[in-house]
Amino acid sequence: MSHPHPELDAPGPLPQGGLRVTALGGLGEVGRNMTVFEYDGRLLIVDCGVLFPEENHPGVDLILPDFDSIRGRLDDVEALVLTHGHEDHIGATPYLLRERQDIPLVGSQLTLALLGSKLREHRLKNSVQHIVAEGERIAFGPFDLEFVAVNHSIPDALAVVIRTGAGLVLHTGDFKMDQLPMDGRITDLRAFARLGEEGVDLFLTDSTNAEVPGFTTSEKDIAPVLDRVFHQSNQRIIVACFASHVHRVQQVMDAAAEHGRKVAYVGRSMVRNMAIAKELGYLDVPPGLLVDAKALADMPPEKVVLISTGSQGEPLSALARIAQRNHNFVHIEEGDTVILASSLIPGNENSVYRVINGLTRWGAKVVHKGNALVHVSGHASAGELLYCYNIVRPRNVMPVHGEIRHMKANADLAIATGVPADRVVIAEDGVVVDLVDGKAAIAGKVDCGYVFVDGTSVGDITESSLKDRRILGEEGFVSVIVVIDSQSGKVLSGPEIHARGFAESEGAFDEIRQPIIDALTKAGAEGVDDAYQLQQTIRRVVGRWVSNTHRRRPMIIPVVLEA
Ligand SMILES: [Zn+2]
Ligand SMILES: [Zn+2]
């Protein structure tokens, strides 16, 4: 649920000199991160991402943060800071820009390049972009921003420091503390310490792995595992991973070069993102290593590695089609090796295991994080978070990026290091937190619901239409059409009963026809002649009968026509 504080009212006016922090997504869920900072009547937004739908969101493509509470104030927005290029941080930006196209976009080189290709897809050509790097300081209105390098599962991620008259805020974005990262760019703890000395009034920290004890394993520890798998493979190798995980792709390339194999990308987002990463120098591709995927068909299988999308079992992705043997030019063969070098995002288990089973059925050997160290997380574990709290010594803490259990675990870590419990604020989406006179506290709540994207429609699909879809999907529907005489109220024709996704055999509904006629006749005799009320009568009779005799609750669509 997005509203854990139903008792909260709309917040009062922000006290003079105070800073207001409101998440419109990302708190209480992993996805659609978006936090709005307000100072002196001006707004700064950090991240604008999407949440991917689960199985209880049939037909939904994406879920956006709820812009409603700032929709009337978009002209007050000074800038949108994007901490890194993951979909849960940049994916909803095109939808925000549709409402005001010239909001200045601030982010690192890679982040803005990945966003740029997304904006082009949405035909947003006039965006205003400010590329920043770690160590830089730039002001937008009353918000004096500084950027700090952080290490994550995508290169070029940044933490952001926001200085206003209300104090200093440090927002980590997504981060971990890999001490030997592939690109040598570690989370800048010296900057964290310097900011701690200056005094961090509010520290917003990544909660994703707060429940995981210890330290997140280094990305480089995957290399020997990949090497072993490559050694043991004497046929084709297919590696699936996130299309933004440049360092993971780099490791696969290095292993391929070492073992004399050529590499090809499969999947549109992999091709697009890796071209950007190579062009900007984040990915090092040895000359001659990369070939076109279609050319691989003519090469010996033991000389080939495919790097593919679809590590979450997405039904239309390259890997899912390979597993069903209906991919255009990749035909899985007995003895091939498939490596799922990725996390398993909760909610995707069924689709991922469906893909693994599909591949296994064709005789492929499937290596995944359940049976080998082919994935490490991009987020700081509890040990790393403790380090950060001790280095930063924040005055107030607000856990971000996680379900409530993650945020609670993160809050407990802060308290364990000595942050007073009344200065650790757990807020979910829409909850308003004010930093006034150096103390952060909950000040109220704004409406913050799910905004569903379905095809070209944004926000038209509601929770109640999804409920209908779930009923249709799980229980099917029954339609009942009756024609009655508008004068006498007598049934002239019908009931004509049709069903889908339910007992569809002829005769299944024979026994309910007469009770429907009886109920309508009785209602007519009692003077009911309103079509809506008669339809409700049909719904009641059919609903009770279906429930009693079939133990089902299909959607019932009664139609009463008057003649
Ligand atoms: Zn991320
Ligand atoms: Zn994230």
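Predicted model: local features only at pLDDT ≥ 70, side-chain atom pairs only at ≥ 80, totals over all residues.
## Ground rules

Local features here need pLDDT of at least 70 and side-chain atom pairs pLDDT 80 or more, while totals for chains, interfaces and linings use all residues. Residues count from 1 along each chain as its sequence is written, chains are lettered from A and ligands numbered from 1 in the order written, and side-chain values use heavy atoms, with hydrogens and water left out.

## Zinc ion (ligand 1)

His84 (NE2), His86 (ND1), His152 (NE2) and Asp174 (OD) hold this zinc ion at 2.1 to 2.4 Å. Donors are N, O and S atoms within 2.8 Å of the metal (3.2 Å for Na, K and Ca); water is not among the atoms, so sites may look incomplete. Along the chain, the spacing reads H-x1-H-x65-H-x21-D.

The donor angles run from 90 to 166°, so the arrangement is irregular.

## Zinc ion (ligand 2)

Here the donors are Asp88 (OD), His89 (NE2), Asp174 (OD) and His401 (NE2), at 2.1 to 2.2 Å. This site is irregular too, with angles of 86 to 168°, and its donors are spaced D-H-x84-D-x226-H.

Asp174 bridges the two zinc ions, ligand 1 and ligand 2, which sit 3.3 Å apart. Asp174 is buried (under 20% relative accessible area; exposed is over 50%, partly exposed in between, with a 1.4 Å probe and protein chains only), at 2%. His152 is buried as well, at 3%, and so is Asp88, at 14%.

Technical notes. Tetrahedral: all angles 85-135°; square planar, octahedral: opposite > 155°, others 65-115°.
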